[in-house]
Amino acid sequence: MHSGKAGAAVYAYFKLFNSIKDEHEVELARLELESLAGAVEPVRNFADALREKPLKSLVNTTQVTLRGDESDTVRFQDFLTHELAYGRVQGFVTEDIKPRDVPRLVRKLGYTREIYLVDERTSWKTFLKAVLPQGNVGRNCNVFFSKGLVAVRTITNQYFLENSEYVTKVTPSLERSQVARFADSLFDNLMRHIYRIPASGKARVGKRFLDYLAERGEGSLYLSHGLHPYKGKFHPKMTRALVNIVRPDDKGTIVDNFAGSGTLLVESCLMGFDSYGIEINPMSVLMANAKCALMRVKLGDLDEAAKKFLAVLHSELELMQQQSDGQATLETMGYPPESAILEEIKSVAPDVYDDFAPKHVLEEIVVARRVIEGEFEGDIRDLLLLGLAMAISNLKGKKNKDFQDQIGSTVEDIYRRCYLFNYLREVLQFDVGYGTSIEADASDLRNISALKRAHGNVNSPPYSTALDYIRNDLAQLALLGMVKNAEGLRELEAKMGGNPRAEYDTDAMHAKVTENPAGLPDYAMVLIRLFEHYGKSNHAYRLYEFFDLIKRSFGEQMRILEKGSKIATVIGNNHFKLTDEVDALGSSGIRIGEGICPVEVHSVKNNMKPLDVKPITGESLLSRYSGTLPVKVSVSGASASSAQDGVYVEVENERVILLLAMMVGFRPCMVINRYIEKTLRGNIRYESIVIMEKP
Ligand SMILES: C[S@@+](CC[C@H](N)C(=O)[O-])C[C@H]1O[C@@H](n2cnc3c(N)ncnc32)[C@H](O)[C@@H]1O
């Protein structure tokens with residue numbers, strides 16, 4: 001046992017979130033801990049740890065900070081063994097935590113839910129002050145004292161942030177003041193209510209809220225993250241762990257050069273970093289900027305702006321209604337829905353125009369947009385525009401569109417999220433970094449003067465067969481005037497990596513695929529030429545353009561990142577049918593013209609192949625991902641009539657990513673693979689995290 005001197009290392013037990021489902025998450029939990037705090041050992045069973053020193057001495061001890069409620073009788077071991085993770089690892093332990101590191105662990109860890117710190121002390125107050133100077137006893141920590149040992153139990157910020165999603169979920173129809181009440185309940189939950197029986201379906205909303213907290217759920221739409229839908233975004237917790245792995249320091253600038261809806265930006269800001277996003281789609285840029293804005297606007301300013309916006313909008317729409325009813329009005333509209341704007345929308349997206357045109361909804365939306373643009377600026381304008389975008393998204397395809405009702409509730413939702421964020425920040429006392437997303441092409445950032453230097457990068461490029469981001473957001477892009485005409489839309493689509501609807505100049509692309517001016521690695525070129533040869537030219541060309549984009553974007557990150565900085569890229573593999581002709585595959589490889597392309601045939605059960613989720617590092621990384629290994633294929637369909645019959649090719653995007661990054665000078669550090677549950681039977685069967693370093 002340690003001496004108990006101030007500053008000396010102490011024992012720390014890290015209890016993982018009980019929502020952990022996969023082994024790779026345990027690995028991420030370990031990696032982020034080791035990055036921030038040094039080596040840790042797994043705790044396979046906290047019940048066993050309670051039989052050993054030092055926890056043994058704390059068994060049956062109750063809190064010293066009596067609250068006068070049921071929690072006074074909760075014993076140390078009850079807290080420790082409450083809601084443990086399933087699986088073979090429940091947490092981690094080290095004997096070697098420096099007290100000064102504890103506040104940053106509480107603030108930054110993604111997969112750890114509770115930390116227990118134990119040391120020999122005579123005064124629990126001095127120990128608490130040493131490990132958690134800003135600890136809020138009874139709100140995010142409690143203290144146990146027994147036989148000269150002090151234990152501090154503290155809950156990580158991630159727990160409160162993630163579960164605040166349920167506060168938002170249960171309060172939209174309640175009075176504003178109820179948000180604070182439920183936030184209090186959130187803070188009380190792990191401190192007081194650990195013995196509880198689930199409520200019946202008819203129970204009052206307060207009881208049902210506690211049930212939500214007891215679920216093994218994993219909120220990913222909390223606070224800013226819940227603003228506006230976006231398919232294919234990062235899971236916040238994983239993002240947080242990756243930031244911890246690429247940038248263990250407390251300050252610096254983190255970049256996501258395929259920023260999308262801004263998940264990385266939000267988490268980085270919550271962790272105290274500044275962050276930059278680069279993103280080609282203006283709608284995604286707005287999402288990311290508004291999400292960051294929510295964490296820095298003054299609540300009072302937002303409230304005032306929201307009231308003013310809704311009041312001006314209401315009077316404008318009333319005037320519009322009177323005019324359309326043929327009434328003479330004394331006032332004229334300040335922001336009429338000019339016909340030029342309506343025509344613009346029609347030319348960009350005729351379907352959107354038709355969907356929103358009936359009953360003046362289109363005009364109402366244009367008026368709202370003009371009011372926001374005319375009356376507000378900066379962060380508030382971004383937030384109100386995103387509120388408008390959310391209203392548009394909610395009304396898409398609906399027959400009955402009540403725009404005024406929708407915009408009222410989306411603006412209120414933004415206010416409440418901002419309120420809740422401020423509430424959490426006040427209790428947990430953390431400062432927030434500055435995040436911003438810039439509309440630009442990740443392949444060329446030379447003109448982005450704001451982004452000169454960065455200390456880490458976490459990104460997820462759009463894959464070679466991305467979601468159709470532009471189609472998903474076309475209504476918002478058109479109605480908010482982000483795309484002005486059909487030509488503008490085509491240009492945006494052309495710059496969009498992995499766009500599934502991209503059209504190619506076949507001759508020019510054939511020449512590229514033959515000559516390889518981008519200098520793509522052999523492995524990538526073999527895949528691309530195979531697809532072209534078997535008549536899947538569109539796919540071949542999209543792959544070529546995608547890998548070219550990735551290579552250039554790595555080149556730009558190489559320029560921007562400081563020496564020693566790390567870059568983590570999350571990428572799914574692709575699994576494509578190459579041909580229906582199973583006999584194209586011979587014993588030595590697959591036919592390609594006169595030649596034979598060597599392949600490795602894999603057996604795939606239920607469209608899955610076994611995957612090693614342990615991080616791959618060092619020598620095994622280089623041999624596993626060498627550029628010369630044969631292409632992996634699988635053959636499917638035993639029955640002659642099966643539509644699935646054919647030869648399937650595995651496009652190991654992670655291999656290409658690693659090779660491309662090495663080509664521009666990055667040093668490979670680690671690859672972590674994980675299954676993707678939702679798409680087991682789809683094109684993407686596993687996802688990889690590729691971590692590289694700028695030497
Ligand atoms: C997989 S998404 C990223 C999602 C993001 N991690 C999140 O959490 O929201 C990929 C993003 O890359 C963007 N993108 C595609 N081509 C790009 C390019 N050339 N430059 C910058 N961004 C691009 C897409 O618009 C899309 O938002």
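## Terms and model

Strands are DSSP runs of E with at least two residues, numbered from the N terminus, and two strands pair if DSSP finds at least two bridges between them. The model is predicted: local features need pLDDT of at least 70, side-chain atom pairs count only at pLDDT 80 or more, and totals for chains, interfaces and linings use all residues. Residues are numbered from 1 along each chain as its sequence is written.

Four strands form an open sheet in the order 12-18-17-15, and their pairing is mixed. Strand 12 (574–579) and strand 15 (599–601) each have a single partner strand and stand at the edges, so one side of each is left without a neighbour in the sheet. On average, neighbouring strands of this sheet are turned by 35 degrees against each other, direction ignored (axes are lines fitted to C-alpha atoms, and angles run from 0 to 180 degrees between N-to-C directions).

Strand 15 pairs with strand 17 (residues 631–636) in the parallel sense, over three bridges. Here Val599 has Val631 in strand 17 as its bridge partner.

## Pairings of strand 19

Strand 19 (residues 667–675) pairs with strand 16 (residues 616–617) in the antiparallel sense over two bridges; the bridge partner of Thr617 in strand 19 is Met670. Strand 19 also pairs with strand 20 (residues 686–693), in the antiparallel sense over eight bridges, and Pro668 stands opposite Met692 in strand 20.

## Surroundings of the ligand

There are 24 residues around the ligand, of which Lys233, Phe258, Gly260, Thr263 and Gly497 come nearest (a residue is near a molecule if its C-beta atom, placed from the backbone, lies within 6 Å of it). The shell comprises eleven nonpolar, nine polar and four charged residues. Ala, Val, Leu, Ile, Met, Phe, Trp, Tyr, Cys and Pro count as nonpolar, Asp, Glu, Lys and Arg as charged, and the others, Gly among them, as polar.
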